[in-house]
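Subject: Structure handover

Hi,

Here is the structure I said I would pass on. Please open it alongside this email.

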Amino acid sequence: MNFELTEEQIAIRDLAREFAQKEIAPIAARIDETGEFPRETVKKLGELGLMGIEIPQEYGGGGLDCLSYVLTIEELSKVDASHGTIVSVNNSLVCFGLNAFGSEEQKQKFLTPLASGKKLGAYSLTEPQSGSDAGNMKTRAALAGGEYVINGRKSWITSGPVADYIILFAATNPELKHRGTACFVVDTKLPGFEVGKTEPKLGIRASATCESTYENYRIPVSHRIGNDGDGFKIAMSILDAGRIGIAAQALGIAEAAYEASVQYAKERSAFGSRIAEFQAIQFMIADMALRIEAARMLIYAAANKKDRHERFTREAAMAKLYASEMAEWATSKAIQVHGGIGYSKELPIERYFRDARITTIYEGTSEIQRMVIARSALEGK
Ligand code: CAA
């Protein structure tokens with residue numbers, strides 16, 4: 001595999017980097033503190049073409065490849081992981097799904113405004129009783145007179161409180177379990193949809209996460225994506241793409257923690273020398289550098305397989321598992337290198353630590369990724 005970046009990939013990476021440093025860095029600490037959703041910067045990211053990077057230009061996207069998407073999420077997350085989450089969800093959990101499974105009419109109506117950043121999207125699979133066991137959904141979509149009537153409660157919806165459209169999964173034939181599910185596009189302005197409680201989170205605090213309820217929410221059949229019965233498989237395919245994005249987010253957070261640690265080690269003195277001269281510090285820095293590069297290779301390999309239009313379920317699970325656990329470890333080590341000041345809100349290190357924690361949980365926990373990898377190894381799935 002050749003990971004030498006093309007001119008186009010370098011250009012989008014630099015665009016994301018420059019925007020993150022100029023527009024996001026000045027507000028990152030404040031929005032982490034307040035939990036305020038960054039509407040202005042998200043709007044500008046849409047204008048820059050970063051909300052539908054892999055989507056064909058005819059549907060409002062950038063027409064670029066998955067590695068370009070990875071580089072963008074990495075750069076944004078290096079500065080602020082909340083922006084990384086918002087952009088990742090819109091790109092992969094929403095636009096990727098619509099592009100892969102939507103009809104021409106759905107692409108015109110929903111994908112084009114979402115990929116061009118004029119509208120914001122969310123993805124809604126999880127329910128209070130079903131997170132990892134995603135097939136066990138209770139939200140019901142009943143077909144009646146040419147439309148579906150939806151009732152139920154969903155949870156942990158990233159960007160849910162501000163989304164215009166939501167990719168929703170619901171049971172149409174509960175007795176068929178996962179084979180009795182379907183995928184829909186929900187217009188959040190229509191009656192019957194309500195935003196529920198917003199989660200008070202440990203990290204990625206500026207990315208709004210909420211519950212939602214559906215009470216006799218009526219949706220035309222034309223808002224169903226794919227066939228009735230295919231909902232679970234669509235949800236899983238979309239999550240494969242999403243997991244590459246979360247891996248890239250974890251990589252970006254870890255890189256930020258690493259770069260801050262290198263700089264601090266060179267500046268800080270103890271016992272008459274710079275702490276960078278102590279082997280205890282050097283070994284932490286060396287292991288951080290090593291694991292970051294290993295994560296990068298796994299992520300780029302997964303993106304490469306996706307770009308070759310081959311199934312990338314296993315590669316995405318490996319990339320997410322390794323990168324997220326690495327980020328959790330690296331941000332903890334970054335606090336260790338910094339000592340007391342790393343634990344203080346005066347520096348962003350403690351934010352990196354809190355933000356990294358979610359990457360081992362959402363879009364499939366580390367345990368789920370291990371299940372996916374093991375099934376691929378043992379059952380050839
Ligand atoms: N792509 C396509 N099809 C897939 C697939 C994939 N990646 N994975 C499974 N399938 C298919 C299987 O082939 C099988 O098909 P058949 O019906 O033809 O046999 C069907 O789906 C059922 O598969 P399994 O038997 O493997 O299903 P399972 O119930 O054992 O679950 C699982 C498998 C991997 C554990 C899955 O449930 C899973 O990934 N769980 C985690 C869910 C998750 O990531 N949730 C996060 C939600 S998003 C979020 O975090 C919030 C946010 O806003 C960011």
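Predicted model: local features only at pLDDT ≥ 70, side-chain atom pairs only at ≥ 80, totals over all residues.

**Domains**

**Where domain 1 meets domain 3**

On the domain 1 side, 27 residues make contact with 30 residues of domain 3. The size of an interface is often given as the accessible area lost when the parts come together. Here domain 1 and domain 3 bury about 2200 Å² between them. Carbon and sulfur atoms account for 61% of that area. Within domain 1, the residues that lose the most area to domain 3 are Glu74, Lys78 and Leu93. Together they make up 26% of what that side buries.

The interface of domain 1 and domain 3 holds 5 salt bridges. The count of residue pairs in polar contact between the two domains is 9. Three helices each supply at least two residues of the domain 1 side: H1 (7–34), H3 (66–79) and H4 (81–101). By type, the residues on that side are 14 nonpolar, 6 polar and 7 charged.

**Salt bridges**

Side chains of opposite charge can pair when their charged atoms come close. The structure holds 25 salt bridges. Some to look at:

- Lysine 306 and glutamate 54 meet through their side chains, 2.6 Å from N to O.
- Glutamate 47 pairs with lysine 43, with the closest N and O atoms 3.8 Å apart. Both sit in helix H2 (residues 39–47), and because they are 4 residues apart there, about one helical turn separates them. Glutamate 47 counts as exposed, at 58% relative accessibility. Lysine 43 is partly exposed, at 48%.
- Glutamate 199 and lysine 197 form a salt bridge at 3.1 Å, N to O. Glutamate 199 is buried, because its relative accessibility is 11% and the limit for buried is under 20%. Lysine 197 is partly exposed, at 47%.
- Glutamate 325 and arginine 370 meet at 3.0 Å, N to O. This pair links distant parts of the chain, 45 residues apart. Glutamate 325 is in helix H8 (residues 313–338), and arginine 370 is in helix H10 (residues 366–379). Glutamate 325 is partly exposed, with a relative accessible area of 30%. Arginine 370 is also partly exposed, at 42%.
- Asp32, Lys345, Glu350 and Arg354 are linked in a salt-bridge network.

Glutamine 9 belongs to helix H1. Is glutamine 9 buried or exposed? Glutamine 9 counts as buried, at 6% relative accessibility. Beyond its neighbours within four places in sequence, glutamine 9 contacts Glu4, Asp65, Leu67, Ser68 and Leu71.

Asparagine 216 lies in strand S7 (residues 209–220). At 48% relative accessibility, asparagine 216 is partly exposed. Setting aside residues up to four places away in sequence, asparagine 216 touches Val149, Ile150 and Asn151. Isoleucine 53 is 163 residues from asparagine 216 along the chain, and their C-alpha atoms are separated by 35 Å.

Best wishes

Terms used:
Residues numbered from 1 in each chain as written. Heavy atoms only, no water. Contact = heavy atoms within 4.5 Å. Buried area = accessible area lost by both parts, 1.4 Å probe. Salt bridge = Lys/Arg side-chain N within 4 Å of Asp/Glu carboxyl O. Polar contact = N/O pair within 3.5 Å; in protein donor to acceptor, adjacent residues only side chain to side chain. Nonpolar A, V, L, I, M, F, W, Y, C, P; charged D, E, K, R; others polar. Buried < 20%, exposed > 50% of the residue type's maximum accessible area, 1.4 Å probe, protein only.
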